[in-house]
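Me: I'm new to reading protein models, and I'd like to know where the labels come from. Can we go through this one together?

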Amino acid sequence: MKKDIEKLPQDQFERIEIDSSHAERIEKPSLSFWQDAWLRLRKNKAAIVSMVVLVLLVIMALVGPHLNGHDGAAQNLRHANLPPKMPGIEKLGIMDGVGNLSGEKVDLYAMKKVDEYYWFGTDGLGRDLFTRLWEGTQISLLIAFVAALIDLVIGVLYGGISGYFGGRTDDVMQRIVEILIGIPTLIVVILMIMVMEPGIGAIIIAISITGWIGMSRIVRAQILKYKNQEFVLAARTLGTNDSRIIGKHLMPNVLGIIVINTMFTIPNAIFFEAFLSFIGIGLQPPAASLGTLINDGFKVMEFQPYVLLFPCIVISVLMIAFNLIGDGLRDALDPKMKD
Amino acid sequence: MSKILQVKDLELSFHTFAGEVKAIRGVNFDLNKGETLAIVGESGSGKSVTTKSIMRLLPESSSEFKNGEILFDGKDLTKLPEREMQKIRGKDISMIFQDPMTSLNPTMTIGKQIMEPILKHQKVSKAKARKVAIELLNMVGIPNAENRYKMYPHQFSGGQRQRIVIATALACNPQILIADEPTTALDVTIQAQILELMKDIQKKIDTSIIFITHDLGVVANVADRVAVMYGGMIVEIGTVDEIFYNPQHPYTWGLLSSMPSMDVNEEKLYAIPGTPPDLLNPPKGDAFALRSEYALKIDMEQPPPFFRVSDTHYAATWLLHPQAPQVEPPSGIIERMRTFPGSRYYEATGGRA
Amino acid sequence: MVKYVGKRIIYMFITMFLIATATFFLMQTLPGSPISSYNKLNDNQKAIVEKKYGIDKPKPVQYAIYMKNLAKGDLGTSFAFKGKSVNDLLASRIKPSFILGAQAMVFGTIIGILLGMIAALKQNTFWDYGSTFFAILGISIPSFVFATLLQYFVASQWHLLPVGLWNDGWKSSILPSIALAMGPLALSARFIRTEMIEVMGSDYITLAKAKGANGFEIAFKHAFRNALIPLITVLGPVAAGLVTGSLVVEQIFAIPGIGEQFVSSIMVNDFATIMGTTLFFSAFLIVVIFIVDILYGVIDPRIRLSGGKA
């Protein structure tokens, strides 16, 4: 505090004009909610890697069945129960067509005089597992996406209407939900699937029939939270009509949580499809889904573990990827985490 | 008067996503025994960070002392091991926070929370600690303390909770009490009660108080001395009269002018233009220059040193340099200075115009 | 509080009634007859069997009889296990399911809480990433995938534990319990981590620190309790997950529990058993959720049920 006062050049002490509007300038570039969220998401390595993995899996689900020229439905008993054999990798000592035959390691391809490569091996009917795996992934993803879409539409509409209009409408709608939510999902899903003709449609309906409730509750809670906040009241005071308040003021705020929730509905649907197919009441043979493939693999696990292994890996990676993306989105979109 | 706490050239940075935020950029002040020092400033001026750094309550992972020392009881608190620091917190230095609604543990009875520092720092039995806790509750004005002692925080009102927090802070008769905007979250009538309580207590136990606030009305009410902070630095420090009636820094002028007053009939309340500096890239010279109508050329290049106004009054502005031009403070400030002996506008004969 | 509990109990009965009714009529629309497995019988014998199970009467009468019996706690007679009552069937199979569920629950939650605490207290370190990754695996990998992999590697390849069945004492319960525990483990680890991080950032933790409390006291005396209370709310999903898991895990390890029986009764269209088990599971889950809500209100002094929860 006790610095000597030094002599400074006099011109330094000229007064200057400060344009005070200059000081109001905002230093940081302004970011929209979604730009900001994207910047955050981009920093989340796990979520980004998961996105890449997911895109790869979706591409494989679409093109995979056509990659190696085998038909997933074609049975060829002469080629049954062949272990995986992949060109290139076979030289590493894995996936080289060597399998167990009564306790001994034998090159089954040589023994059965098979010249083709079955990358992931064949099942007991001689069907190519690589092709079937990606066909199954395709079906599982299809079921999951459609089920999630149905949940999304019904859940957002139901929750939105209930929350926005409130009053008697909300009362009646919430009494219904309160009863429905008491019914365990698993029970509903199993009962529905038993009643309907087995197939993709039945599974989708069974999963969606109560799936939307979670979404509707979240949307309602959010709408209730925002609709009485000052910015909405302000808009209302200015004479904004309902549809504009919903579209311009409420939806952008609720959208984040809808996206997050959908990201968790999808893996849930994948799980239920696989679960149903695994216990034998989902898709019926010869149709393939990840669940039926795992079920097939489980039956022959002792002798042909590869039949089980590949669909297990795919479903696990798929579920992990969706969960990590969901987590990443939640962190990115949750304004509470903002620093 | 003995100095109980000395803060010297304190510099502290936060490491964030965006880079290094220089939250405190060279802070100096002393705290005398038994006095109340108010630190005032806008949000983000570094007043809370300064006190939290005295208590070492900032997250160790993201904050870093860059320079300086905090001397207490012959020890430099910036370098003390965490274990030693724990012995000081709550015993020698304790703290009251802004929001009483969130600063009590909701799942612990208030009695337990008050007893915690007593049991931690003093070798006393539980029964004795309970007696002390009930005495404290009585002292801070919680009626029926013997019964309410077993209640949970949600069973008390905001004002009562702040009284409980104060009781907790006083549990070990601390030498320094840091109050971080203790009345901001309360209703005006409750504010006054809490301020009265703090003044009473200070008389009773002779503790020193650091009082952080952005409310100059509160400052006038409680403080002996005032430090004005801006952009992570103290820009002016002096006794409460010196700051209120002979302010020297343009920022202090701005703060005082923006305070609503009863006896001046101004049509419009003064507002300081602009926003506080971005401490990620602090300005080179005087941090306030960009918002000041009194800026000098040198303000853009060199930060001003402290100039002495009196033995107790210092201000960091180039306007006090002998070579600086005389400037005319805002009229409201001149009014104030007229009443202060020693100011250049002092009118021995006139009181307030 | 009493009013709230009463309202909840009424809702529970309405829900159970709806489930029972829906289950009954859904069963009637099922393709195939409950006695299709008796197809060697001639028409006369079939009529006798139908009469014995009461399925010769008109549907509304059957429904009335079913509901009347249900009110007395009688779940009817199994078709597949000739003459055995569903109550007896469930009773004979509840023990393995209960043991597995309880072990999975205790093991899963304790390890989960530990992992969550470690992750939160060592935020952004190797420990945090490790336990978070583990939790993600637990949440993502379906229980039946995990169970089959455990069975393949631990039991049939390395021969460390029995492959299945319920005849090797405690040893046979280890693998299925672990497979079931993954869900509760992952859920509680994630939950505790988030809660702890949030609680550790709250003002009262800073105040506790300002009172001179050390890291251990802050984590356990102040933060842990506050983070643990909301964990009760995941018990509902955890219980649902355990029931779902038990259907497949019991099947995979060939454990004579209720889940395994449910799946096999679906396979043979054993209506009475399907309905009985469905109602049993529903009642279990509904009661769990009810208890969770009540407990939450009792334990946390902040929560007032009248205050309307979001």
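Me: How many helices and how many strands are there in chain C?

Reply: Chain C has 12 helices and 0 strands. Keep in mind that this is a predicted model. Going along the sequence, the pattern of chain C reads α-α-α-α-α-α-α-α-α-α-α-α.

Me: What makes C:Ser282 count as buried?

Reply: The cut-off for buried is under 20% relative accessible area. C:Ser282 has a relative accessible area of 0%, so it is called buried. You'll find C:Ser282 in helix H12 (residues 271-299) of chain C. Of the 310 residues of chain C, 51% count as buried.

Me: Which residues does C:Ser282 touch, leaving out those up to four places away in sequence?

Reply: C:Ser282 touches A:Pro184, A:Ile187, C:Met16 and C:Ile19. A contact needs heavy atoms within 4.5 Å. As for C:Glu198, 84 residues away along the chain, its C-alpha atom and that of C:Ser282 are separated by 34 Å.

Me: How do you know what span to expect for helix H6 (residues 167-182) of chain A?

Reply: You take 1.5 Å times one less than the number of residues. H6 has 16 residues, and the expected span is 22 Å. From its first C-alpha to its last, H6 reaches 23 Å, which is close to that.

Me: And what do the buried residues of H6(A) pack against?

Reply: Their partners are helix H5 (129-165) and helix H8 (200-227) of chain A, plus helix H1 (2-28) and H12 of chain C. Among the buried residues of H6(A) are A:Asp170, A:Met173 and A:Val177.

Me: Why are S2 and S5 of chain B said to stand at the edges of their sheet?

Reply: The open sheet has 4 strands in the order S2-S1-S4-S5, with antiparallel pairing. Strand S2 (19-32) and strand S5 (75-76) each have a single partner strand, so one side of each has no neighbour in the sheet.

Me: What makes S1 and S4 of chain B a pair?

Reply: Pairing takes at least two bridges. Strand S1 (residues 3-16) and strand S4 (residues 63-72) of chain B are joined by 8 bridges and run antiparallel, and that meets the cut-off. Across this pairing, B:Gln6 stands opposite B:Leu71 in S4(B).

Me: One last thing: which residues make the nonpolar surface patch of about 610 Å²?

Reply: That patch is made by A:Val52, A:Val55, A:Leu56, A:Ile59, A:Leu62, A:Val63 and A:Leu67. One of these, A:Leu62, is found in helix H3 (residues 45-63) of chain A.

Terms used
Residues numbered from 1 in each chain as written. Chains lettered and ligands numbered in written order. Predicted model: local features only at pLDDT ≥ 70, side-chain atom pairs only at ≥ 80, totals over all residues. Heavy atoms only, no water. Helix = DSSP H or I, 4+ residues; strand = E, 2+ residues; numbered from the N terminus. Buried < 20%, exposed > 50% of the residue type's maximum accessible area, 1.4 Å probe, protein only. Patch = residues over 30% accessible without salt bridge, like charges linked within 9 Å, V, L, I, M, F, W, Y side chains within 5 Å. Areas by Shrake-Rupley, 256 points an atom, 1.4 Å probe, with all protein chains shown as cover. Salt bridge = Lys/Arg side-chain N within 4 Å of Asp/Glu carboxyl O.
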